[in-house]
Amino acid sequence: MRLIILATATIAAAGGYLYSQAQARTPVVPDEHAGHGDHATAAAATLTAQQAAALPASGVTAAQRVTASPRHGEWVAIKVGASDSVMAWVVYPERSQKAPVVIAIHENTGLNIWTRSVADQLAAEGFIGIAPDMTTMAKTGDLTAETSGDVGRQLIARATPEFVNAALDAVAGYGMSLPAALPKYGVIGFCWGGGRSFLHATHAPSLGASVVFYGSPPNAEQMANIKAPVLGLYGGADARINATIPGADSAMKRLGKSYEYHIFDGAGHGFLRGQENSEANAKATQEAWPKTVAFLKAKLN
């Protein structure tokens, strides 16, 4: 695939092309996704500024958080195979030591400002956060432009499981080759990306950790290949996804694999981005994110 580069680019390590900070700060259109809204809740309102800063932004506040972030973020084009590439938003932590890499996998409409804000939040916790766009190969024009709704879902139809795993391999390789990185990486995914995070664990023997936010599991045959520990985080009101948990838990136990999961009462599908939708979503976020950070630090540091 031939990339159309809209800003002056320079070739970087491991097959990456750096884009300018001016382009990185370009405003984007908020993503639309079922189950995510913009209503404030009592639970969210009671948080102090310091407590709120320790959690990922919601879909409503993500753009503001990314713009105001003190951390360095940049667009990079990462080569996948012989002819494809993915655009990725890379954010560096402010720390003196080298950092492990965590890849944030977006929902089923492509990379948006919210997933980029998750990468920034991962960097705030000491990781090199990378948010790749699995719809890059289906785009024309500005490859950093955000998609949403039906358009994003149409583009993502081309992101086969095989391509996503190859792209994650390439992104992990790029990330771990950075001078500021440790040779360790984990993945975290949301909705569609949560399923891809679980699936990547069946593919990558060097993966250090997989975090699944309300994503579907692979089948038992695929699970036999898992080496990394898996953490699952689910909303109690998400019956469609939660119906898959008992089978996944049984299979992982039978296979001797590490699978820890938590179900948060009353929270809906996509609760991390839809924190303003309900008090249950806000409470689930406040409980799930510290578990996520602790898990990643324990497995990658």
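C191 is buried, with a relative accessible area of 7% (buried means under 20% relative accessible area, exposed over 50% and partly exposed in between, using a 1.4 Å probe and protein chains only). This is a predicted model, in which local features need pLDDT of at least 70 and side-chain atom pairs count only at pLDDT 80 or more, while totals for chains, interfaces and linings use all residues. Residues are numbered from 1 along each chain as its sequence is written, and side-chain values use heavy atoms, with hydrogens and water left out.

**Backbone angles to look at**

- Most residues other than glycine have a negative phi.
- C191 is not a glycine, yet its phi is positive, at about 55°.
- You can find C191 in the loop between β7 (181-190) and α8 (192-201); helices (H or I, at least four residues) and strands (E, at least two) are DSSP runs, numbered from the N terminus.
- Y214, also a residue other than glycine, has a positive phi near 40°.
- Look for Y214 in the loop between β8 (209-213) and α9 (220-223), where Y214 counts as buried at 0% relative accessibility.

**A204 and its surroundings**

- A204 sits in the loop between α8 and β8 and is buried, with a relative accessible area of 5%.
- Leaving aside residues up to four places away in sequence, A204 touches D169 and Y185 (contact means heavy atoms within 4.5 Å).
- A204 and A166 are 38 residues apart along the chain, and their C-alpha atoms are separated by 9.9 Å.

**Cavities**

- The structure holds 2 cavities of 30 Å³ or more. On a 1 Å grid over the protein atoms alone, a cavity is a set of points where a 1.4 Å probe fits but cannot get out, and lining residues have an atom within 4 Å of a point. Grid points are joined across faces, edges and corners, and a volume is the space filled by probe spheres set on the points.
- The largest cavity holds about 50 Å³ of space, and among its 11 lining residues W75, L111, T144, A145 and E146 lie nearest its centre.
- The lining of the largest cavity divides into 5 nonpolar, 2 polar and 4 charged residues (Ala, Val, Leu, Ile, Met, Phe, Trp, Tyr, Cys and Pro count as nonpolar, Asp, Glu, Lys and Arg as charged, and the others, Gly among them, as polar).
- The second largest cavity, with a volume of about 30 Å³, is lined by A57, R65, V66, S117, D120 and Q121.
- Two or more residues of the second largest cavity's lining come from each of α4 (62-68) and α5 (113-124), and α5 gives the most, with 3 residues.

Conventions. 1 Å grid on protein atoms, 1.4 Å probe; cavity = no way out; pocket = protein on both sides within 12 Å on 5 of 7 lines; lining within 4 Å.
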